[in-house]
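Here's a quick briefing to read with the model open beside you.

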Amino acid sequence: MNKIYIFVVLMVIFFSRAVVLEAETADKILAVVNKHVITQVDMRNYLEGLHFRLSQQYRGSQLDKVYKKEAKSALADLIGDILIVEEAEKEKIDIPQEMVETRFLQFRKSFSSPDEFDAYLRQTGTSISDIKKKIKRQLLIREFINRKVRPTIEIKPSEITNYYRTHQEQFRHPKEIEYESLKFESKVSAENALAEIKKEGFAKAKQDYPQQFLNGSINMRQCRSELLPLFSLKEGDCSDIIEVGDSYFIFYVKKVRPERLISLKEAQTTIWEIIYQDKFAHKLDGLIEELKKKAVIKIYARENSSN
């Protein structure tokens, strides 16, 4: 009887310990920032949100590339967010609930249907209340940055001029052609059209093949390798048949725009944005580093954020 009792007690302890271990594994502590705990679940929720946000801008392999790059700094970003939220709360920055509701409605409308939104909630195990809390947190972070970082950024005209002078390769506009073309699925049809062009000109051919007519422009930096021979043609020239994929094209060069250096006046808005983003990142990193010096941060484990 005593042996059976001891066996039962041991089994209870064993299974209780297994449950605890399973729970610990499911929500392992990755870091503690002051009194705030960052768990593995927090990390995965953050990464899901990151992937969803990036999916609004990127697709396919480009999405995977950008996501993997940004995911590498996920734990550092979470720590930075906590520190900024703490400072914002100390300064009693308030986010109106109407602003949260507006952002939530925008988020909800990003789904193609209510069913898709409900499926998202089920898949991520989150609730509408959780989403609104995250939105409010992000708005709080943004407002703090707007007050503490953005006003400190100054860009002098001389900085724009110096950037332009030292990065002129960025502002070289490549040679560009404006074209008209005829597109055929059959090589025989393309050959017949080319024969007509040689006799009567492209203008007549495009009238005879209105369904095949296309026009546009292309530059040397962006064009496919099959189209590079077009840049040796002059205005008014017509190409031979060019095979692109499963189609056959005949191009007429309407206008040639030579390579040119974009002027400082044309480039200054782009340059201002480049310098601004660089200074913004530097200032924000500096602010977070200062906050880290005053904080108690313990990192226990690092989630493999690229998964």
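Glu178 is partly exposed, at 24% relative accessible area (partly exposed lies between buried, under 20%, and exposed, over 50%, using a 1.4 Å probe and protein chains only). This is a predicted model, where local features need pLDDT of at least 70 and side-chain atom pairs count only at pLDDT 80 or more, while totals for chains, interfaces and linings use all residues. Residues are numbered from 1 along each chain as its sequence is written, and side-chain values use heavy atoms, leaving out hydrogens and water.

**The chain as a whole**

- The protein chain has eleven helices and nine strands; these are DSSP runs numbered from the N terminus, with helices being H or I of at least four residues and strands being E of at least two.
- Of the 307 residues in the protein chain, 32% are buried.
- Take the contacts between residues at least 6 apart in sequence: 69% of them join residues at least 24 apart. Contact here means heavy atoms within 4.5 Å.

**Salt bridges**

- The count comes to 17 salt bridges, each one a side-chain nitrogen of Lys or Arg within 4 Å of a carboxyl oxygen of Asp or Glu.
- Glu178 pairs with Arg257 in a salt bridge, 2.9 Å from N to O. This pair ties together distant parts of the chain, with Arg257 in strand β7 (residues 247-257) and Glu178 in strand β4 (residues 176-184), 79 residues apart.
- Arg257 is partly exposed, at 31% relative accessibility.
- Lys254 and Glu180 form another salt bridge, at 3.9 Å from N to O. Again the link is between distant parts of the chain: Lys254 sits in strand β7 and Glu180 in strand β4, 74 residues apart.
- Is Glu180 buried or exposed? Glu180 counts as buried at 9% relative accessibility, while Lys254 is partly exposed at 44%.
- Shared partners join Glu176, Glu178 and Arg257 into one salt-bridge network.
- Glu176 is also in strand β4 and counts as buried, at 16% relative accessibility.
- Not counting residues up to four places away in sequence, Glu176 touches Ser217, Ile218, Asn219, Phe231, Lys255, Val256 and Arg257.
- Over in helix α7 (residues 128-148), Glu143 and Arg147 are four residues apart, so about one helical turn separates them. Their side chains meet in a salt bridge of 2.9 Å, N to O.
- Glu143 is partly exposed at 24% relative accessible area, and Arg147 is partly exposed at 44%.

- Helix α2 (residues 40-55) packs against helix α4 (residues 74-90) at an angle of about 100°, with the axes 10 Å apart. The axes are lines fitted to C-alpha atoms over the stretch in contact, and angles run from 0 to 180 degrees between N-to-C directions.
- That angle makes α2 roughly perpendicular to α4, because 65 to 115 degrees counts as roughly perpendicular.
- From α2, the contact uses Asp42, Met43, Tyr46 and Leu47; from α4, it uses Ala74, Leu75, Asp77, Leu78 and Asp81.
- By type, the residues in this contact are six nonpolar, no polar and three charged. Ala, Val, Leu, Ile, Met, Phe, Trp, Tyr, Cys and Pro count as nonpolar, Asp, Glu, Lys and Arg as charged, and the others, Gly among them, as polar.

**Nonpolar cores**

- In soluble globular proteins, nonpolar side chains tend to be buried together.
- Which residues touch the most other members of the largest nonpolar core? Of its 55 residues, those are Ile38, Ile84, Ile131 and Ile271.
- A nonpolar core is a set of buried Ala, Val, Leu, Ile, Met, Phe, Trp, Tyr and Cys residues joined through side-chain atoms within 4.5 Å.
- Helix α4 supplies the largest share of this core, nine residues.
- Setting aside neighbours within four places in sequence, Ile271 is in contact with Ile160, Tyr163, Tyr164, Phe171 and Leu264.

- His36 is in strand β2 (residues 36-39) and is partly exposed at 36% relative accessibility.
- Beyond neighbours within four places in sequence, His36 is in contact with Ala31, Ile82 and Glu86.
- His36 and Ile297 are 261 residues apart in sequence, yet 9.4 Å apart in space, C-alpha to C-alpha.
- Gly201 is in the loop between α9 (187-200) and α10 (202-208), and 9.0 Å separates Gly201 from Cys238, C-alpha to C-alpha.

Notes: Parallel < 35°, antiparallel > 145°, perpendicular 65-115°, else oblique.
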